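Visitor: Could you walk me through this one? I'd like to start with a helix and then move on to side-chain pairs.

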Amino acid sequence: MVGFSMQPYGMQSMLKEGHRHLSGLEEAVLRNIDACKQLSTITRTSLGPNGMNKMVINHLDKLFVTNDAATIMNELEVQHPAAKILVLAAKAQQEEIGDGANLTVSFAGELLHNAEELIRMGLHPSEIITGYTKAINKAIEILEALVHKGSETMDVRDKDEVISRMRSSVASKQFGQEDVLCPFIVEACIQGCPKNPANFNVDNVRVSKLLGGGLHDSRVVRGMVLKMDALGTIKRVEKAKVAVFSAGIDTTATETKGTVLIHNAEQLENYAKTEESKVEELIKAVADSGAKVVVSGAAVGEMALHFCERYKLMVLKVSSKFELRRICRATGAVAMLKLGHPDAGDLGYVDSVSVEEIGGSRVTIVKNEQGGNSISTIVLRGSTDSILDDLERAVDDGVNTYKAMCRDSRIVVGAAATEIEIAKRLKEFSFKETGLDQYAIAKFAESFEMVPKTLAENAGLNAIEIIASLYAEHASGNTNAGIDLDEGVCKDVSAMNIWDLYVTKFFALKFAADAACTVLRVDQIIMAKPAGGPKRDPPAGMDDE
């Protein structure tokens with residue numbers, strides 16, 4: 001007898017078997033919110049100067065010890081589709097400003113956490129979205145009103161002004177080291193700043209990490225630091241012209257194959273000599289052009305090196321084509337394809353090229369003290385690789401902040417003073433609304449408390465007391481009252497010189513609100529059966545042995 005098999009119906013009959021379908025508030029919306037909350041819980045403890053470090057081991061078995069949210073997001077392979085939206089928001093913030101990714105994720109997580117409470121109270125997600133949209137527009141209005149007067153114009157070449165704006169961004173990565181690091185970063189940035197500061201290129205500030213020593217041994221080099229030794233015996237040249245050859249310095253094999261028939265020993269000798277004289281002729285042409293330093297983008301042949309020595313040319317071999325481009329930019333040279341007599345216009349100029357030993361590794365320092373050089377390098381020293389990596393991230397944040405302030409130099413007070421003021425004014429705004437949106441706006445205002453709460457918790461202070469005293473200060477009209485983390489009290493932070501860039505806050509809040517609304521708009525998740533292709537190899541070093 002034929003068994004009665006159940007005919008699939010509804011969604012099952014439409015999609016292939018093996019699919020998953022989640023719908024409704026419980027299954028889809030609240031699950032999504034939960035995933036995003038988990039993600040923001042990871043980053044939240046890393047917020048602010050007392051943020052804790054995370055140890056992330058990525059799929060290639062590389063270890064990261066950092067409190068930089070952007071790095072954590074990149075290295076965690078987030079699978080959940082809703083949590084991925086937050087990761088994308090963090091990436092957008094990182095690309096737009098280069099700092100504030102943590103605020104974006106943590107704030108979006110807090111918005112969703114509060115939305116969950118509203119949903120459980122019986123509000124529909126679309127009402128929450130309407131309320132949140134009104135609230136973010138109002139919050140940005142308030143943020144503009146809180147901009148510090150007179151900060152619209154600044155001289156991006158004035159060291160003190162730049163340091164005051166950069167300190168908080170560097171302190172959030174390296175608390176306690178900002179007064180050592182900021183002057184390095186500012187010096188390097190001002191050196192690489194073009195005539196029109198809006199065109200500042202982040203790539204102009206390089207970082208060279210050398211093990212050994214400590215942060216106090218770091219320094220700024222006007223020019224480039226290459227982690228390699230010069231070929232040959234000449235290790236130092238001053239005030240020299242530079243020729244750059246991207247294809248290498250060697251006798252080239254021709255495209256066509258040919259057979260040479262040699263009848264006697266004399267012809268054989270002459271054949272070897274012609275090759276020698278040809279190479280000598282080429283190297284002599286380079287030396288005659290006035291160049292003293294030759295930079296090769298590929299291999300340097302033995303014979304070519306011998307003639308370079310004879311004509312007192314210093315030879316550098318740079319295998320990375322990006323480094324080669326930077327050398328061209330730093331010296332003003334033009335990279336030539338073939339070895340030959342360079343034109344005067346193709347040669348670059350350096351003040352000095354020297355090989356130095358720093359902490360056991362030999363490095364070549366290409367210096368250009370005069371103006372017109374757009375590249376400067378910060379040589380970072382530290383005791384372990386992970387410390388150096390973290391210092392490099394702090395430098396990156398500082399340089400990105402410099403770029404942001406070149407575009408828009410407006411500042412708002414830091415240390416959670418701005419957030420509490422926005423929360424206070426948004427609460428007042430929500431009382432004026434009549435519809436159900438007012439609950440959403442009030443919750444949006446409450447979400448801003450996440451910043452002072454997290455800063456206080458990470459510093460081991462009593463968050464409830466701090467938030468209460470902040471509200472009390474702001475209610476009495478002191479809009480600059482923020483948290484002094486060292487003493488654990490509320491103070492006027494503008495006197496302590498703690499400032500945040502307006503653009504960083506603007507984009508972080510905007511991206512966070514957009515991400516939260518996107519997640520709330522989802523009411524069904526339909527996942528097809530995963531393709532049955534070959535599985536990826538397990539990462540190296542993770543065998544069962």
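Visitor: Which residues of H9 are buried?

Guide: The buried residues of H9 are Val279, Ile283, Ala285, Val286 and Ala287, where buried means under 20% relative accessible area, exposed over 50% and partly exposed in between, with a 1.4 Å probe and protein chains only. Helices (H or I, at least four residues) and strands (E, at least two) are DSSP runs numbered from the N terminus. Please keep in mind that this is a predicted model, in which local features need pLDDT of at least 70 and side-chain atom pairs count only at pLDDT 80 or more, while totals for chains, interfaces and linings use all residues. Residues are numbered from 1 along each chain as its sequence is written, and side-chain values use heavy atoms, with hydrogens and water left out.

Visitor: What do those buried residues of H9 pack against?

Guide: They pack against strand S7 (236–245), strand S8 (291–296) and helix H10 (302–310), with contact meaning heavy atoms within 4.5 Å. Just after H9, Gly290 takes a positive phi of about 100°.

Visitor: And how many residues does H6 have?

Guide: Helix H6 (residues 125–145) has 21 residues and reaches 30 Å from its first C-alpha to its last, close to the 30 Å expected at 1.5 Å a residue; the expected span is 1.5 Å times one less than the number of residues. Its buried residues, among them Tyr132 and Leu143, pack against several elements, including helix H5 (101–121), helix H14 (437–447) and H17.

Visitor: Switching to aromatics, which residues form the cluster?

Guide: Phe107, Tyr132, Phe444 and Phe448 form one aromatic cluster. The structure holds eight aromatic pairs, and one of them, Phe444 with Phe448, is edge-to-face at 5.8 Å centre to centre and 65° between the planes. For such pairs, rings of Phe, Tyr and Trp (its six-membered ring) need centres within 6.5 Å, and planes under 30 degrees apart count as stacked, over 60 as edge-to-face and the rest as tilted.

Visitor: Are Phe444 and Phe448 buried or exposed?

Guide: Phe444 is buried, with a relative accessible area of 0%, and Phe448 counts as buried at 1%.

Visitor: Which residues touch the most other members of the largest nonpolar core?

Guide: Tyr402, Leu426 and Phe444 do, out of 112 residues in that core, and H17 gives the most to this core, with 14 residues. A nonpolar core is a set of buried Ala, Val, Leu, Ile, Met, Phe, Trp, Tyr and Cys residues joined through side-chain atoms within 4.5 Å.

Visitor: Now charges: how many salt bridges are there?

Guide: A search of the whole structure finds 37 salt bridges, each being a side-chain nitrogen of Lys or Arg within 4 Å of a carboxyl oxygen of Asp or Glu. In one of them, Glu392 and Lys209 meet at 2.9 Å, N to O. Glu392 lies in helix H12 (residues 385–407) and Lys209 in strand S4 (residues 205–211), so the pair ties together parts that are 183 residues apart in sequence.

Visitor: What about Lys505, which residue is its salt-bridge partner?

Guide: Lys505 forms a salt bridge with Asp500, the closest N and O atoms being 2.8 Å apart. Lys505 lies in helix H17 (residues 502–521) and counts as buried at 8% relative accessibility. Leaving aside neighbours within four places in sequence, Lys505 is in contact with Leu103, Leu143, Val412, Thr418, Glu419 and Asp500.
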